[in-house]
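Please read the points below with the sequence and the 3D view open side by side.

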Amino acid sequence: MITVEKLTKSFGSHRVLDAVDHRQERSESVVILGPSGCGKSTFLRCLNQLEVPDSGRITISDVTVDCARPVPREVQRQLRLRAGMVFQQFHLFPHLTALENILEAPVHVQGRPRAEVLDEARALLAQVGLSDRAGHRPSQLSGGQQQRVAIARALAMRPAVLLLDEPTSALDPELREEVRDVLRRLADDGLTMLLVTHDLQLARDVSDRIRFFHGGQVVEEGRPEAVLDNPQHPRTREFMGKTGGG
Amino acid sequence: MPERHPQTRTNQPLLRGLPTTASILLLLLLSLVRAQADLWSEVQSRGVLRWGDDAEGGAPYIYHPENDATRLVGFEVEFAEALAARLGVRDQFVQNNWDMLLPALRQGGNFDVVIAGMERTPENLAKADMSRPYFVFAQQLVVRSNNAAWQSISDLKGKPVGVLSASSSHRLLERLGGFDIRVYQDNVNYFRDLEVGRIDGVLTDTPIAQVNLAGNDRLRAAGAPFEPGYYAVAVPAGETNLLRRLDTAIEGLAADGTLERIYTKYGQWSATQEGLRTWQPPVEVVRRQRSGLREWRTFLPMLLRAAVTTVWVTCGGMILAVTLGLALAIVKQYAPAPLRWMAVAYIEVFRGTPLLLQIYFIYFGLAQQLGLKLSAGAAAVLALGLNYAATEAENYRAGLLSVPRGQMEAALALGMKQRVALRRVLLPQALRISLPSVTNDFIAMFKDSSIVSVIALVELTKEFQIRAIDTGDYLGLGLMTAGIYFAMSWTASLGARRIERMLHHDHR
Ligand SMILES: Nc1ncnc2c1ncn2[C@@H]1O[C@H](COP(=O)(O)OP(=O)(O)OP(=O)(O)O)[C@@H](O)[C@H]1O
Ligand SMILES: [Mg+2]
């Protein structure tokens, strides 16, 4: 479903991603862990072309881009249509209600009839437990509720994979559980997810596999129990010790 | 009464700054002293008669001869010289804005008399005393030479005719009724608009027609001069001694042929000037200080009608400004290099040059050089709109820049093209942010729109000027005009605040 070969990205002289490979099957859910500043967000943003990588190949579903050459805008867009994105800071559209946030892209990007999308959008709101908040604006929702709307908004485009960058980090601990709950169910339903997080509980709950980033490379990877409870690489061990997940 | 002042903006000494208590006392003291001394004896002991006029008046009244910007000539300059000599004193010219000559004379300005083509009319007699006439003029209709049909003013009923603002020609056309009167600020530009065909005739005083028709084969005088009027020397009210001396002196200059000699030199002598020798003052002169507030039934409708012009010029200008401004902001922010530079250049040029200059350029410049003859209304809307578009573009850009980066990223991540993201996500947020600045500019434009009066468009401020010159009541009419401006901007800001609250409410 996702294939990344030798993805490289530098900011100035600072090489953030150093020939990173990544392979992920349909319905597989992968979590990326790693210390702050190791390039996790950059990796996700490269996948949907919000950052322009220096080189490497990215394939998501049926779209492949060769990053060594300039990527036409339309190809970028096709890639983005296959990879939904959920941001740490939600980035809901503040001038639209929760329901309108979900309708926006299906109607104005895919050009689907509003009436048809409306039922689907309501179902998505129900799925994330917010049926009663359809008419609320983002400013009238809690952080957890906003993040759940953001997940529904991404899902409304029926992406092949869902990319999530620290979906619970901006939330108070008591609000995290409601987002974890939604993501657990999505994983159970077989959604292909690639998730960056510092939330080890979330990592344990939703991942089929964990990859540990360090210094722009993957230094360890394996089943969640293996990486979380019995890390091999010294960096991973140090990280688990600090985060208190061991 | 030819106002011969090109584009001078009226100063209002009453409103200019707040004088300190000390200077108020000094002024009071001075006016007491002045009231007691007789102006004639003052002139005598000084040995100088100071006369007020506006050197921008132009030929044949008062002008700089070619190649000599330091000297003044003209039939009024020579008349003043002869008059002073006859009184046994020297003469001294004092420059003053034409509009404000009589008010300044009344308030004890720095001149003793006004010699400036002031017409001996009841309106002027209400503001100052006036001597016996020193010059007879009449109304002259001027049309294009290629139009043989028009012979008298009645042939131009319903057609656009240019007059000088608040002049006797202006009043005559208003009295006759049925003309499309176009009001100008000076005696030059209506001839230009007549030549290019924006108007079909000009009604003006004979001296002005005579000078401007000389050597111009595109224009001709239509029919004989009519409606004679008299220029007289204006003296502060109550200075009967000085007035009597002036009357005697003028009578003498008429009798001994001095006036004939001067006027002949400037091509102004005609049989009608013979009337100067036999002139008798009208038996009864109605002297009435007019009050705009007391006669509000007359003046309020006039001002309101002019306010309608202000409103549509402003609204039209603003509609153009907000749409063009939006396009400029988007191009400046998102378009590729050459287009972006053009938007930047546009914004800098229109923000960096005076609006007045832009109006002249659009109305006169385009007509002369490119033959693009915009109507005054279209030129006004265009000038205001083009000018404000630059400001609005910057407002919108500030709005666009203050939308968080994540909004664009979220939109792109959903597969939106940049254009869709802009329209559906960024602009709705940016417009809300810039709305307060845009409405501020809308209100500012109500006031700035008064500048379009320079292209023969009578909006509220111009109407006020015309009526204030007629009545001399700057205060009462000024209050009414200010009230109308206030009502307009108050309504506009109420509406704006309502929209803001509405948008803010569903933004939250
Ligand atoms: N636009 C940019 N310009 C320059 N440097 C950048 C930019 N974006 C990220 N970086 C740098 O790249 C490195 C990786 O950043 P990235 O955001 O991917 O880290 P991360 O692993 O997501 O960290 P965190 O866990 O704190 O979110 C950091 O050193 C960061 O300072
Ligand atoms: Mg990050």
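1. A residue is counted as near a molecule or strand if one of its heavy atoms lies within 4 Å of it. The residues around ligand 1 on that basis are F11(A), H14(A), V16(A), S36(A), G37(A), C38(A), G39(A), K40(A), S41(A), T42(A), E166(A) and H198(A). This is a predicted model, in which local features need pLDDT of at least 70 and side-chain atom pairs count only at pLDDT 80 or more, while totals for chains, interfaces and linings use all residues. Residues are numbered from 1 along each chain as its sequence is written, chains are lettered from A and ligands numbered from 1 in the order in which they are written, and side-chain values use heavy atoms, with hydrogens and water left out.

2. An N or O atom in the side chain of T42(A) is 2.5 Å from a ligand oxygen, a backbone N or O atom of C38(A) lies 3.2 Å from one, and a polar side-chain atom of H14(A) lies 3.5 Å from one. Of the 640 Å² of accessible area that ligand 1 has on its own, the protein covers 59% (Shrake-Rupley method, 1.4 Å probe).

3. Which elements give two or more residues to the shell around ligand 1? They are strand 2 (14–24) and helix 1 (40–47) of chain A, where helices (H or I, at least four residues) and strands (E, at least two) are DSSP runs numbered from the N terminus. Helix 1 of chain A gives the most, with three residues.

4. Chain A has an open, antiparallel sheet of four strands in the order 2-1-4-5, two strands being paired if DSSP finds at least two bridges between them. Strand 2 and strand 5 (63–66) of chain A are the edge strands, each pairing on one side only. Strand 4 (residues 55–60) and strand 5 of chain A pair over four bridges, and R57(A) stands opposite D66(A) in strand 5 of chain A.

5. Two backbone details deserve a look, since most residues other than glycine have a negative phi, and most peptide bonds are trans. S27(A), in the loop between strand 2 and strand 3 (29–33) of chain A, has a positive phi of about 70° although it is not a glycine. A cis peptide bond, with omega about 0°, joins A59(B) and P60(B); P60(B) is in the loop between strand 1 (48–53) and helix 3 (75–87) of chain B.

Terms used
Polar contact = N/O pair within 3.5 Å; in protein donor to acceptor, adjacent residues only side chain to side chain.
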